[in-house]
Amino acid sequence: MENIDWGNLGFGYIKTDSNVRAYWRDGKWGPLTMTNDETITMHMAATCLHYGQEAFEGLKAYRGKDGKVRLFRVEENARRMARTAEYTKMVPPTEELFIEAVKMVVNANSRFIPPYGTGASLYIRPLLIGTGAQVGVNPSKEYLFMVFVTPVGPYYKTGFNAIKVMIDRDHDRAAPHGTGNIKVGGNYAASLLSAEIGHQKGFPSVLYLDPSEKKYIDECGAANFFGIRDGVYITPDSTSILPSITNKSIMQIAKDMGLKVEKRKVDISELATFEEAGSCGTAAVISPVGKIYDFDEDKVYTYGDGVTAGPWTKKLYETLRGIQYGEIPDPYGWVTIL
Ligand code: PLP
Ligand code: COI
């Protein structure tokens, strides 16, 4: 096992032993190869550099209580990358190639999978880019699919303590019927300025509103948003939200815990009615939201004591984590044991 301070890991890049790659050339995928090279060489006119032909994914491998390593819903990430590729006219890896690449890179870097009990995990980053040269706006004829891994701790410094977020009405991360519901790098480039404005004001994340009417809740930074009220788990439905695999899983867990689940437009006025609020995603896991600042309307919404997770949020978190780390049975067939 690597000599890393696992319990104090942040969310950043740490060099591991290897990554895996395959190229689409001449109409077919070449072999998956493993390399310790952290760099990519490509043509200066590659479509990923100029026209944003880029898709990425994020999932994690967890070292369980029983010592076994689990992947969480890897097929879902493969399917989402295929959807992103479809919209951006790229050639996606087949589901088999995607899963094989993930298994190969995780197995090859097993000394970087954090020990059970440290709260850390191995973040897996699949990437698909157009590498062929084009100067006209056209899809590439060549693609690189690669997967690297890096051990990570909590996405927010607060860990499972609540974050405070601010509503940003001045920026959108995606257009109403654009790329918000797929995972392209451009959405993240479009979020960097608002994230920096948020950070400067002391907020680790910003809450976006729907880009057409600015009336409904959209994404919460790089995560989905949820609120809980009167035994109902409520999460926004919007054409510009990324369908989160974590959120989909939480909705299932919530139902099975006896919560009612509503995925629908969430009017901003409902923020005043929630008993609990949170954000969720692979990186964010479940990060409770303690306070939401709406500077334009001169309002602050506080959930619970504003610092600790509410009771439902805590229960959902424990069940999700329990399944991921093999502490409790996985009745849904979500984990792949390596
Ligand atoms: N929304 C955005 C914008 C994200 O970047 C992510 C992270 O992948 C999510 C939501 C959460 O999705 P998932 O739970 O599939 O990781
Ligand atoms: C993820 O949760 O995997 C994300 O995409 C968040 C971020 C690190 C981009």
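How many residue pairs are in polar contact between domain 1 and domain 2?

Modeller: This is a predicted model, in which local features need pLDDT of at least 70 and side-chain atom pairs count only at pLDDT 80 or more, while totals for chains, interfaces and linings use all residues. Residues are numbered from 1 along each chain as its sequence is written, chains are lettered from A and ligands numbered from 1 in the order in which they are written, and side-chain values use heavy atoms, without hydrogens and water.

Between domain 1 (6-152) and domain 2 (163-324), whose bounds come from an automatic or database domain assignment, nine residue pairs are in polar contact, both residues being at pLDDT 80 or more. A polar contact is a pair of N or O atoms within 3.5 Å; within protein, one must be able to donate a hydrogen and the other to accept it, and residues adjacent in sequence count only if both atoms are side-chain atoms.

The side of domain 1 that touches domain 2 draws at least two residues from each of strand S4 (54-56), strand S5 (59-63), strand S6 (69-72) and helix H2 (74-87). Helices (H or I, at least four residues) and strands (E, at least two) are DSSP runs, numbered from the N terminus. H2 gives the most to this side, with six residues.

The rule finds one salt bridge across the interface, a term for a side-chain nitrogen of Lys or Arg within 4 Å of a carboxyl oxygen of Asp or Glu. Glu76 forms a salt bridge with Lys248, and their closest N and O atoms are 3.1 Å apart. Finally, the centres of the two domains, taken over C-alpha atoms, are separated by 26 Å.
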